Amino acid sequence: MMALYFAVKLRKKGYYTRRSLKCYLFAWQHLRSTPALIRYVEFRRDMGMLLTKRLAQLLQKGLGNLNDYDYYLALSFLLERTPELIMPACFSQNANGLLTPPLAASLPEKSAKMALISEIHQQQAQWREAFRNWVKQQQSAGICVVGNAASLTGKNMGHKFDQFGAVIRFNLFQTDDDTYADIGTHHDAWVMAPGFRGYAPQKVKWCIITGPDMRFRLSYWDTVLPLLHDNIPVLTVPLPVWRDIVAKLKSPPSAGIVFLAFLRELLGSWEGVHIAGIGTGLTLGGRYHRADSKQHAVTRHDWHKEARLIRKWQQEGLSILDDAS
């Protein structure tokens, strides 16, 4: 039990390393229980790794030993590895909001809510391709990715943001106290962290959920239901993009870093990409988030490594609009 406790503690601190993975593996090998196995499998996927054939067999064999939450999580991971997997006849019983989009898509009969959520899985390939085409069309006019760093306050960059062909925003980016001078009015795409519990903005064309392809991980989609109802595509970040960034940082990346990595993968270069308010929060020593004064920097992210990564990307052609160096 101590090994599992230590592994969970490392994960909470944001140590996405081989050492942490070995702790989960040791805990499972020592306990030989399906609950310990699902924790090992879950952390493997946090690092961007799919189920192996052997782990899938063991997980499927031990489904009956899991609580409801872990049961549906395990089914989702199994479905990710084997799309043609035949669901147990009773898999939708006691779901109580625990179904991920792939599981919702497997329901023989769907409520209106489950039908919307299932689209996140069923339409994902088409939506990603459409988004790729859209961002490529915006390159000539410029794509401006605006983070929420408090360092943007008072810089009067709103007009500059609005001059670009496309503007990307994150989570809570606007409050009643905001001025046009600081943030502008343009927002074409909205990037949401999986744990965000605010409201989706109106009049966006796209929504992107950060994290390791959260279709197979997240069961709470209420925040984006209004967008789905209005036929706004809700994209997830492909697992290989997440895996590559985690390998570089050895920690879970922030939403800004994940989206930029995804955007770079879609475009093939940094041509036409400009950022502001990303990777500058550490320089303030005071307020961290521009729109939410109560929010503090998440300690699980390695902000120093992220800042160095942004500098590397800048050398490769990424434009930083609020660069103070």
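Which residues of α5 are buried? Hi everyone, let's start there. The buried residues of α5 are D70, Y71, Y72, L73, A74, L75, S76, F77, L78, L79 and E80. Buried here means under 20% relative accessible area, exposed means over 50%, and partly exposed is in between, with a 1.4 Å probe and protein chains only.

A quick word on the model. This is a predicted model, where local features need pLDDT of at least 70 and side-chain atom pairs count only at pLDDT 80 or more, while totals for chains, interfaces and linings use all residues. Residues are numbered from 1 along each chain as its sequence is written, and side-chain values use heavy atoms, with hydrogens and water left out.

Back to our helix. Helices are DSSP runs of H or I with at least four residues, strands are runs of E with at least two, and both are numbered from the N terminus. Helix α5 covers residues 68–81, and its 14 residues reach 20 Å from the first C-alpha to the last, close to the 20 Å expected at 1.5 Å a residue. That expected span is 1.5 Å times one less than the number of residues. The helix is mostly covered, with 11 of its 14 residues buried. Those buried residues pack against α3, α4 (53–61), α6 (101–105) and α12 (239–249); contact means heavy atoms within 4.5 Å.

Now to the charged pairs. There are 13 salt bridges in the structure, each one a side-chain nitrogen of Lys or Arg within 4 Å of a carboxyl oxygen of Asp or Glu. Within it, the side chains of E42 and R39 meet at 2.9 Å, N to O. The two are 3 residues apart in helix α3 (residues 34–46), so about one helical turn separates them. E42 is buried at 9% relative accessibility, and R39 is buried too, at 19%.

Other pairs reach further along the chain. D213 and R128 form a salt bridge at 3.4 Å, N to O. Because D213 sits in the loop between β4 (206–209) and α11 (225–229) and R128 in helix α8 (residues 124–138), the pair ties together parts that are 85 residues apart in sequence. D213 is buried at 5% relative accessibility, and R128 is buried at 16%.

What about the nonpolar side? A nonpolar core is a set of buried Ala, Val, Leu, Ile, Met, Phe, Trp, Tyr and Cys residues joined through side-chain atoms within 4.5 Å. The largest has 98 residues, and F131, V145 and I208 touch the most other members. Helix α13 gives the most to this core, with 10 residues. Leaving aside residues up to four places away in sequence, V145 touches a set of residues including I168, F170 and F259.

I168 and F170 bring us to β2. All 5 residues of this strand, 166–170, are buried. A166, I168 and F170 point one way, while V167 and R169 point the other. Strands pair if DSSP finds at least two bridges between them. β2 runs parallel to β1 (residues 143–146) over 3 bridges, with I143 opposite A166. Another 3 bridges join β2 to the parallel strand β3 (residues 189–192), where A189 is the bridge partner of I168.
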